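I opened my notebook to look through this structure piece by piece. Here is what I looked up, in the order I went.

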Amino acid sequence: MGFHAAPILSKKLCALRPGIMVIMWDDNGAQTLLIDADDTLWENNIYFERAIAKFISLLNHREYPPEQVRLVLNDVERDSILKHGYGLHSFAHSLIETFEKLSSDPITPELHERIRSFAHQIADHPVEILPGVPDTLDYLTQRHHLIMMTKGHPAEQAGKVERSGLKAYFAAIEIVAEKDEATYRAAISKYGLVADETWMVGNSPKSDINPALAAGLHAVFVPHSDTWILEHEELASATPPQRLLLVERFPDLTKHF
């Protein structure tokens with residue numbers, strides 16, 4: 001199922017017409033890899049899980065166990081994403097709304113600020129690159145065309161990209177509001193991608209794998225033990241000639257590409 005390509009001799013980004021960028025490659029088997037960022041290149045959800053644990057401890061609900069509080073928070077987050085999108089502002093809003101739903105005590109300005117601090121502490125955390133990522137990207141970028149494709153609040157995601165030190169490995173950075181089939185089809189059009197030569201690499205079945213397959217791309221699933229619960233979904237099947245590759249770790253990509 002894997003394939004191996006010789007090192008790329010040359011590559012250039014050419015404008016076909018306004019808004020359409022086409023990658024020109026030597027004919028040497030190079031592929032385009034759209035690569036997710038959060039929990040694929042660097043840690044992300046573990047910081048949110050720590051914040052949620054602090055929040056549940058602060059709430060200290062008299063009747064609901066932590067598991068039930070989390071279910072309520074999950075529902076609130078689903079609604080909040082529709083209204084506010086992704087990012088720390090949306091997350092803080094979800095925590096506050098969940099507290100208001102479940103607490104018998106009114107939320108004071110002090111409590112409000114403390115809850116918001118759980119979210120804002122995440123922004124101050126250094127970007128923690130996952131093991132083997134820089135060496136793997138260095139290997140891949142010499143052989144293939146890499147585009148980082150991450151969703152979330154534009155300023156927050158751009159900040160993480162800059163702090164990660166990984167930007168130079170990518171020919172382009174795409175920060176999108178959502179990852180669905182339409183998003184991938186838009187990327188195909190924008191970059192003039194050939195679906196049979198393009199792969200989406202990521203840890204989320206819901207955002208990375210299933211919609212990419214629906215758009216006609218190949219996909220590589222790189223599981224992460226702490227993938228956000230709202231990104232869980234049963235993996236779709238790849239209909240030949242599409243391919244779905246499962247690897248244990250990001251560095252395993254070098255065995256296939």
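Where does Pro 241 lie? I found Pro 241 in the loop between strand S7 (218–221) and strand S8 (244–246). Helices and strands here are DSSP runs numbered from the N terminus, with H or I of at least four residues for helices and E of at least two for strands. The peptide bond from Pro 240 to Pro 241 is cis, and its omega is near 15 degrees. I noted this down because most peptide bonds are trans.

**Entry: ground rules**

I am reading a predicted model, where local features need pLDDT of at least 70 and side-chain atom pairs count only at pLDDT 80 or more, while totals for chains, interfaces and linings use all residues. Residues are numbered from 1 along each chain as its sequence is written, and side-chain values use heavy atoms, with hydrogens and water left out.

**Entry: the whole chain**

I looked up the totals next. The protein chain has 8 helices and 8 strands. Of its 257 residues, 50% count as buried; buried means under 20% relative accessible area, exposed over 50%, and partly exposed in between, with a 1.4 Å probe and protein chains only. The accessible surface comes to about 12600 Å², and 54% of that belongs to carbon and sulfur atoms. These areas come from the Shrake-Rupley method with a 1.4 Å probe; for residues, only the protein chains shown count as cover. I also checked contacts, meaning heavy atoms within 4.5 Å. Among contacts between residues at least 6 apart in sequence, 71% join residues at least 24 apart.

**Entry: positive phi**

Most residues other than glycine have a negative phi, so I looked up the exceptions. Asp 39 has a positive phi of about 65 degrees although it is not a glycine. I found Asp 39 in the loop between strand S3 (32–35) and helix H1 (45–59). Asn 60 also is not a glycine, and its phi is positive at about 45 degrees. Asn 60 sits in the loop between H1 and helix H2 (66–84).

Is Asn 60 buried or exposed? Asn 60 is exposed, with a relative accessible area of 59%, whereas Asp 39 counts as buried at 6% relative accessibility.

Two packed helices are described by the angle between their axes and the distance between the axes. The axes are lines fitted to C-alpha atoms, for helices over the stretch in contact, and the angles run from 0 to 180 degrees between N-to-C directions.

I took H1 with helix H4 (residues 109–123) to begin: they pack at an angle of about 165 degrees, with their axes 8 Å apart. That makes H1 roughly antiparallel to H4; angles over 145 degrees count as such, under 35 as roughly parallel, 65 to 115 as roughly perpendicular and the rest as oblique. From H1, the contact includes Phe 48, Ala 51 and Phe 55, and from H4 it includes Leu 111, Ile 115 and Phe 118. By class, the contact of H1 with H4 has 9 nonpolar, 1 polar and 2 charged residues. Ala, Val, Leu, Ile, Met, Phe, Trp, Tyr, Cys and Pro count as nonpolar, Asp, Glu, Lys and Arg as charged, and the others, Gly among them, as polar.

H1 and H2 pack at about 115 degrees, with axes 11 Å apart. Their contact is made by Glu 49, Ile 52, Phe 55, Ile 56 and Leu 59 of H1 and Pro 66, Val 69, Arg 70 and Leu 73 of H2. These residues divide into 7 nonpolar, no polar and 2 charged.

**Entry: H6**

Which strands do the buried residues of H6 pack against? They pack against strand S4 (145–151) and strand S5 (172–176). The buried residues of helix H6 (residues 154–164) are Gln 157, Gly 159, Lys 160, Val 161 and Ser 164. Gly 165 follows H6 and has a positive phi, near 75 degrees.

**Entry: Thr 198**

I ended on Thr 198, in strand S6 (residues 198–202). Thr 198 is buried, with a relative accessible area of 1%. Thr 198 and Leu 34 are 164 residues apart in sequence and 7.4 Å apart in space, C-alpha to C-alpha. Leaving aside neighbours within four places in sequence, Thr 198 is in contact with Gln 31, Thr 32, Leu 34, Leu 193, Leu 217 and His 218.
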